[in-house]
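I record what I looked up, entry by entry.

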Amino acid sequence: MTRAAPSPEMWQPLATNPSALAEGPPPQATRGFWAGVRSRLFRHRPAMAGLVFIIFLVLAAVFGPMASPYSYFEQNLELSNLPPAYRAYTVDADTQVFVNRSNLSLYRVDDQGGLSALLRPDGRDMISRQSTWQIGGKDVVLDYAQRPPVLTIDGEVAQSGGLSLNTRNPFGTDQLGRDVLVRQMYGARISLLVAAAAVLTNFVIGVIYGGISGLLGGRVDAVMMRFVEIVATIPLTLYVILMMVVLQSGLLSVVLAIGTVYWVDMARVVRGQILTLKGQDYVAAARTMGASTSRILFKHLLPNAFGPILVTLTMLIPSAIFIESFMSFIGLGVTPPQASWGTLTSEAVETLRAYPYQLLFPAVAISLTMLAFNFLGDGLRDALDPRLSS
Amino acid sequence: MTAPLLSLRDLRTEYRTDRGTVQAVRGVDLTLHRGEILGLVGESGSGKSVTCMSILKLLKRGGHITSGTAVYDGTDLLKLSEAQLSRVRGDKIGVVFQDPMSALNPTMTVGRQIEEVLLQHRKISKKAARARAIELFKLVRIPSAETRIDNYPHEFSGGMRQRVMIAIALACDPDLLIADEPTTALDVTIQRQILALLKELRDRLGMAIILVTHDLGVIAETADRVMVLYGGQVMEQARVTDLFEAPQHPYTRGLLAAIPDPRRSDSALSPVPGSPPDMRAPPSGCPFAPRCPNAMAICLTPPDLYGAGDTPRLRPAQYTRCWLADPAAPADLMEATG
Amino acid sequence: MNSASRMPLAWLGQRVLMMLVTLLAVITLTFALMHAVPGGPFVSEKMLAPEIEAALNAKFGLDQPVWRQYLSYLWGVLQFDLGPSFKYPGVSVNSMIAEGLAVTAQTGLLAIICVVALGVPTGIVAALNRGRWPDTLAMFVASLGIAVPSYVIATVSLYVFALRLGWTPAFGLDDWRGYILPVFALSGFWMSFVARLTRSSLLETMELDYIMTARAKGLPARTVMLRHGLRNSMIPVVTVLGPVVANLLTGSFVIEQIFALPGIGRHFVLSITNRDYTAIMGITIFYAAFLMLMILIVDLLYLWLDPRISYGDRK
Ligand SMILES: Nc1ncnc2c1ncn2[C@@H]1O[C@H](COP(=O)(O)OP(=O)(O)OP(=O)(O)O)[C@@H](O)[C@H]1O
Ligand code: SF4
Ligand SMILES: [Mg+2]
């Protein structure tokens, strides 16, 4: 051994508390469970992106329609199917116009850059397929014998300017001249409303059903779970559809139908949790101390089953949003003039050939929302199950 | 003396997890001769399994061997590619895992699981492989081998499954068998049978065995030599009789003191007060210092592994990693503890 | 043991009995629901075409008490007769289903094939490349596939590929290319779901002890993954195949509407908008029966896949 001989005092017994010698475990191990969950969730980037989007969506859904100068139902047929962005033609110094080539109308561009007024043609020649306008002393002619139609100003083919934004209706208008932006935000409202209502009713029914089944156990449990099994054999969408047939279309019916059908998963999760927790000591202790069943359920079991319940609820939200929009898309959901992302999509499909961009907004909105909730749910599940996180 | 069959030098293995890096093995040396049974003991988490599995680079996700050599029959296994290693695994070196309940594929008949390893390493027909599998079943004493061979693992008891595992490990007549707690999951009578079987196989086939266990009773009965692991390091190493007669390391003494009769085989190890160190941040000095009744100021610096040349109290082939064995240690200290 | 001895006839009989009970519940429920419609479709004063009135009277006896109507309907269903349409004179619900079945079955089958034949390999490739770009890419696309509703996939792809690029017809199945978009839209979600499930299940399986045993035997990494990892990791995937079939059915409602395919789903949605109550009832019952059959098949597949399962011992 090449080491220098140790000094004599080194051989003295170690006086300090021996446990102090071990460097303490990293801080993570001592932190509470929920703190760990929170920090894992915050580190989950997609989940955080989802959360930010959801917050934004909620704000838009709650305050957007209030802030908008338009209402979701107010029609203006003169200003239908206007785009969110357009190319204008300059007629004279203070008149710019926009040509909607699909319906052959001319709109005046106002000072703010919005498309705010339909210009009625002064003459219309059905034979030679031309419409004519007199604007500021100039002859404006739209020749739709040609494809695509050509606009001439005083006989000269007009050249359009650059792309400008429609400031009056940032998302354009639909086929009834309603503001798409406010309808989008209203659609968000419906989606979130349905999601919240569905989650709430499912939570209540699921917890009560699963709770009773799990707590009572035995024959009651067997019968109740058999029933759940039977219910779950048929796709829940089918029940929702049947319910809608009975209840007639409308927002309330959608909420009712989804709320009364989708509790099955929740009931199973709650029951499973209760069965695992039931065997644990503190429940037995509470029972011997004379706590009532409902007290045990709400004071002891549910707080512990909170994690899996939370995950199930978060996963339920996108299902509810999807099913509402799905129902509305096939015409069994909310009734016009109410706007949901499903009805907005199906309305956009009606005008798909002429105004394909109208499909963009509801499609993107629902997809992003679903993505956001899915990401949040995934993140939550990973965060609650440390074993899974890598 | 002939060259050892296997020689590990300064093996270091760590597991990188999202909660920090676990230094599972921190510089283990190990020598094994042909036909020898080497026992590896230590508390849970001391690094026994990781040491064994590192030899064949059989590490789960996150496991990395950061240094060391494992020379087997002249080649350093740690330098081999996966493809080259797979020619050693199952053929030259067989492995029996800790938990027989989960170590067999549940969706494959046990026969196929044995035939598989034969077909992989030997140029034989399926029929011959099956015949050999039945023969192996008889070797490990599984009754009605011919019919049981077509059963699935869940149709066997734990002890029988462990026999199947041993049959798989023995299929290609390995020179070395790594048996990671082959009996921990089993009850005492089965445990005795399996250990007797291993010993008998060693005597008959002449293979070397690394036998991992929690249980000093098992060591006393089966092993020739024993290594005591703690905190990813070798604490003491000796011939079995020497370890029981003249244990040098305070940890070994603690283990032995807790067993009234070392021949009793149902005595599991967990008697030393205190708990093992967190291997994400192991103590910088002697890993046992926080629990050691003899701990001294100097124990905050890591002790060396001392051999018979350093102190007269160590017997030949006995080594201990403890400051008490340092030649400079005051004689009265040794009196007090010895 | 072979799979037959693990599935005694008693079990099969019990299963079929359970199916019949469930079916009875579904029949009762749909019948009750359709009779609960406000104003009541089966109220006899309803203005119906005389032929339909006559057919319904013959079938249900609309002037009879409800329980009699129920029993006669039940009797009909037992004989595989779902009764006359409520809206179309001379058309039976059976013939409606028969007419749409071919279309729905074709697209549905193709969709299932896509789910398995594309979803599973994608998941395997992602698992093999864990953490590298093929994994990231596949899982990103799968996240989209799970999030984007089928009707959005359908309408957007309809616009892009049919209207804009003209690669596929916009509706109908006259041409093989007509199948591409509906099948893609129908299977998008489940393809993504199965890809993710396969990936996570395979990765989880590869962490199990017997995989280590397989490696310790000296098997090459590929053999370990394919022979020991894959089969076991397919067990959860097979479990979702039941729900897949169910959801392809409901998915077909909207897909058949968008692509104007004359399948059962389209008939179903039409009957709803037409308030063709007997058709709604009949098609629902048909769906339920079909699904239970599928679930039975999945259970049998399970039996073959996992030797630990024994339906005989189950109480
Ligand atoms: N897959 C893994 N991931 C992370 N850490 C691991 C892993 N496997 C082992 N470890 C860590 O490595 C250290 C040594 O573990 P090892 O399995 O070798 O202990 P052992 O002595 O075999 O214990 P046991 O008697 O319980 O089998 C432990 O601290 C353990 O936590
Ligand atoms: S080195 Fe010190 S602390 Fe470690 S075992 Fe020896 S005496 Fe105890
Ligand atoms: Mg171990």
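How far is an oxygen atom of ligand 1 from an N or O atom in the side chain of B:Gln98? I found a distance of 3.0 Å, which is a polar contact (a pair of N or O atoms within 3.5 Å; within protein, one must be able to donate a hydrogen and the other to accept it, and residues adjacent in sequence count only if both atoms are side-chain atoms).

Conventions. I note that this is a predicted model, in which local features need pLDDT of at least 70, side-chain atom pairs count only at pLDDT 80 or more, and totals for chains, interfaces and linings use all residues. Residues are numbered from 1 along each chain as its sequence is written, chains are lettered from A and ligands numbered from 1 in the order in which they are written, and side-chain values use heavy atoms, with hydrogens and water left out.

Entry: ligand 1. I looked up two further contacts of this ligand. An oxygen atom of ligand 1 is 2.4 Å from an N or O atom in the side chain of B:Ser44, and an oxygen atom of ligand 1 is 2.9 Å from a polar backbone atom of B:Val50. On its own, ligand 1 has 620 Å² of accessible area, of which the protein covers 72%; such areas come from the Shrake-Rupley method with a 1.4 Å probe, and for residues only the protein chains shown count as cover.

I then turned to the shell. There are 17 residues around ligand 1, and B:Ser44, B:Gly45, B:Lys48, B:Ser49 and B:Val50 come nearest; a residue is near if one of its heavy atoms lies within 4 Å. By kind, I recorded five nonpolar, eight polar and four charged residues in this shell. Here Ala, Val, Leu, Ile, Met, Phe, Trp, Tyr, Cys and Pro count as nonpolar, Asp, Glu, Lys and Arg as charged, and the others, Gly among them, as polar.

Which elements of chain B each supply at least two residues of this shell? I listed strand 1 (6-17), strand 2 (20-32) and helix 1 (48-55). Helix 1 of chain B gives the most, with three residues. Helices (H or I, at least four residues) and strands (E, at least two) are DSSP runs, numbered from the N terminus.

Entry: aromatic rings. I searched the whole structure and noted 20 aromatic pairs over all chains. Rings of Phe, Tyr and Trp (its six-membered ring) pair if their centres lie within 6.5 Å; planes under 30 degrees apart count as stacked, over 60 as edge-to-face and the rest as tilted. A:Phe329 and C:Tyr151 form a stacked pair, 4.6 Å centre to centre with 20 degrees between the planes. This pair crosses between chains, from helix 9 (residues 293-329) of chain A to helix 6 (residues 150-164) of chain C. A:Phe329 has a relative accessible area of 6% and is buried, and C:Tyr151 counts as buried at 0%. Buried means under 20% relative accessible area, exposed over 50%, partly exposed in between (1.4 Å probe, protein chains only).

B:Phe137 is in helix 4 (residues 126-139) of chain B, and B:Phe156, 19 residues apart from it, is in the loop between helix 5 (145-148) and helix 6 (158-170) of chain B. Both B:Phe137 and B:Phe156 are buried. The charged end of B:Arg148 sits over the ring of B:Phe156, 4.2 Å from its centre; the criterion is NZ of Lys or CZ of Arg within 6 Å of the ring centre and within 35 degrees of the ring normal.

Entry: Is B:Glu181 buried or exposed? I found B:Glu181 buried, with a relative accessible area of 2%. B:Glu181 has a positive phi of about 45 degrees although it is not a glycine, and it is found in the loop between strand 7 (176-180) and helix 7 (188-205) of chain B. C:Phe80, in the loop between helix 3 (66-78) and helix 4 (93-128) of chain C, has a phi near 60 degrees. C:Phe80 is exposed, with a relative accessible area of 71%.

Entry: chain C. I counted 11 helices and zero strands in chain C. The C-alpha trace of chain C spans about 80 × 60 × 30 Å along its principal axes. Of its 315 residues, 54% count as buried.
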